[in-house]
Amino acid sequence: MIRVAWLVATKDLRIEARSRVLLWQVLPFGVIALLLAGLALGPAQAGASSAGPGLFYLVVLFVALLMINRSQALENAPGTRASVATLGLDPAGVFLGKAVALTVELWVTGVVLLGGSVLVLHTDLLGTLQALPSILVTLATLASAGTLYGALTQGGDGPATLLPVLTLPAFAPLLIAGERSFSAALQGGALWQWWVIVVVALVAYTAVGILLYGVLEES
Amino acid sequence: MVVRLANAVVMSKGFPLLSGVDLTVDRATLTVVTGANGAGKTSLLRLLGGLDALTSGAGDVAGIDLLSGDRRLLRRRVGWLGHEGSFYADLSAYENLVFAARVLARPVSDVDAALERVGLGHRATTTTKWLSAGQRRRLGIAWLLVRRPELWLLDEPYASLDDAGRAFFDQLLADVVAGGATVVISAHDPLRSIDLAPRTVHMAGGRVRVP
């Protein structure tokens, strides 16, 4: 399983590095969305507002949906699905590999968007750095859950539009926990309560993905 | 006997893709499935490859029962070349084959040999989406050479190949069959090459029509 996960993750990351979809399409979209959020708050409110973490995670949600669809689309290109299916890859390894690749991509995007938050939304730099570990774990959890739901929607009609409908109820607790954790870091409060939710969700989604990804692929 | 189907039915969303196919295919033979568009050729190949499930009837492929057997195991034994190509468009020809080789624990040196064999040695580092349709088809064949499956399922393999490509492909098929593998091809028309001496079966309306 680990060997397949490594092969799939490196393959997905190599494709991303080659196609530069993340660099030229997803990241600019995220930065523009952050900029619009800053403009909506206005220059007087941006620094004083507590809305920074919420706006950051709202943009992360949009970006994550794009990246999940992209991750699954790689496997569903015409002709690819059937040929790769005949390789007989271990589905648990495929799930882990895709989740790891998506995690790395979300981390890169998240770090850029955090920089944007500091510049555009004027979130406190020290507090943002303190929140970084919790943000990375939250993004990993979104990647794990997103990989699972991405596989679920790719089998049906209209996967790009079905994905947000299915994922939002699942993502909501993660986004709230992430936002609370980020806010707590900015305001000097305790972080651990929110970490527990995110870490438990990460373990749960990863376990479910390992167990059920094969069933989703077959369906 | 590599393939044995009896009254095989495949349904998709209530629509019969195959409506009672009887077919046997011997080991180390070349079989060509002909028929018009929508006759069920691709559906038959997908059933044989374990890509679609058998709804009713009976059948086994490479010793694996299509109703009760492990279709994932079956898929590992077959090689599939579809209409559109068989690989990741943003990887190079070489990277695609290395991925397949590593998954199947084949030596990476097989990749260079396969690319040379299909005449793509000079395009190894080209990103796949920049290859021509004929070159992508050759890459698909190289993918199968790396995989070395016991049952080759080739959906319209002559599409996009020029005369030289067709001649090359005829020779390749002859070598594959001589090496003990079994090949099933779908095509609109019977093969031009008489040297291959394939067995031809005709499909219409999701059934095999014996001439």
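Is B:E156 buried or exposed, judging by relative accessible area? B:E156 is buried, at 12% relative accessible area. Buried means under 20%, exposed means over 50% and partly exposed lies in between (1.4 Å probe, protein chains only).

The model is predicted: local features need pLDDT of at least 70, side-chain atom pairs count only at pLDDT 80 or more, and totals for chains, interfaces and linings use all residues. Residues are numbered from 1 along each chain as its sequence is written, chains are lettered from A and ligands numbered from 1 in the order in which they are written, and side-chain values use heavy atoms, with hydrogens and water left out.

**Figure 1. Two residues of chain B with positive phi.**
Most residues other than glycine have a negative phi. B:E156 is not a glycine, yet its phi is positive, about 50°. B:E156 sits in the loop between β7 (151–155) and α6 of chain B. B:K13 also has a positive phi, about 50°, and is not a glycine. Its loop joins β1 (3–12) and β2 (15–25) of chain B. Is B:K13 buried or exposed? B:K13 counts as exposed, at 80% relative accessibility. B:E156, in contrast, is buried. Helices (H or I, at least four residues) and strands (E, at least two) are DSSP runs, numbered from the N terminus.

**Figure 2. The surroundings of B:T127.**
B:T127 lies in the loop between α4 (109–117) and α5 of chain B. Its relative accessible area is 13%, so B:T127 is buried. Which residues touch B:T127, leaving aside its neighbours within four places in sequence? The contacts are A:R18 from chain A, and B:A89, B:D90, B:L91 and B:S92 from chain B. Contact means heavy atoms within 4.5 Å.

**Figure 3. Helices α5 and α6 of chain B.**
Two packed helices are described by the angle between their axes and the distance between the axes. Here α5 (residues 133–147) and α6 (residues 163–178) of chain B pack at about 15°, with axes 12 Å apart. Axes are lines fitted to C-alpha atoms, for helices over the stretch in contact, and angles run from 0 to 180 degrees between N-to-C directions. The pair α5(B) and α6(B) is therefore roughly parallel. Angles under 35 degrees count as roughly parallel, over 145 as roughly antiparallel, 65 to 115 as roughly perpendicular and the rest as oblique. α5(B) passes α6(B) in a left-handed crossing. A crossing is left-handed if the near helix is turned anticlockwise from the far one by less than a right angle, and right-handed if clockwise. From α5(B), the contact uses B:R138, B:I141 and B:L145. From α6(B) come B:A164, B:G165, B:F168, B:F169 and B:L172. Six of the contact residues are nonpolar, one is polar and one is charged. Ala, Val, Leu, Ile, Met, Phe, Trp, Tyr, Cys and Pro count as nonpolar, Asp, Glu, Lys and Arg as charged, and the others, Gly among them, as polar.

**Figure 4. Helices α4 and α7 of chain A.**
Helix α4 (residues 52–75) and helix α7 (residues 125–154) of chain A pack at about 40°, with axes 9 Å apart. That angle makes α4(A) oblique to α7(A). Their crossing is right-handed. On the α4(A) side, the contact is made by A:F56, A:Y57, A:V60, A:I68, A:N69 and A:Q72. Among the α7(A) partners are A:S134, A:I135, A:T138, A:L139 and A:L142. How many charged residues does this contact have? The contact of α4(A) with α7(A) has no charged residues, with eight nonpolar and eight polar.

**Figure 5. A:A207 in helix α9 of chain A.**
A:A207 belongs to helix α9 (residues 192–218) of chain A. A:A207 is partly exposed, at 37% relative accessibility. A:I197 is 10 residues away along the chain, and the two C-alpha atoms are separated by 15 Å.

**Figure 6**
Chain A has nine helices and zero strands. Buried residues make up 51% of its 219 residues. Chain B has six helices and 10 strands. Of its 211 residues, 55% count as buried. The C-alpha trace of chain B spans about 45 × 35 × 30 Å along its principal axes. For chain A, the C-alpha atoms fill a box of roughly 60 × 35 × 30 Å along the principal axes.
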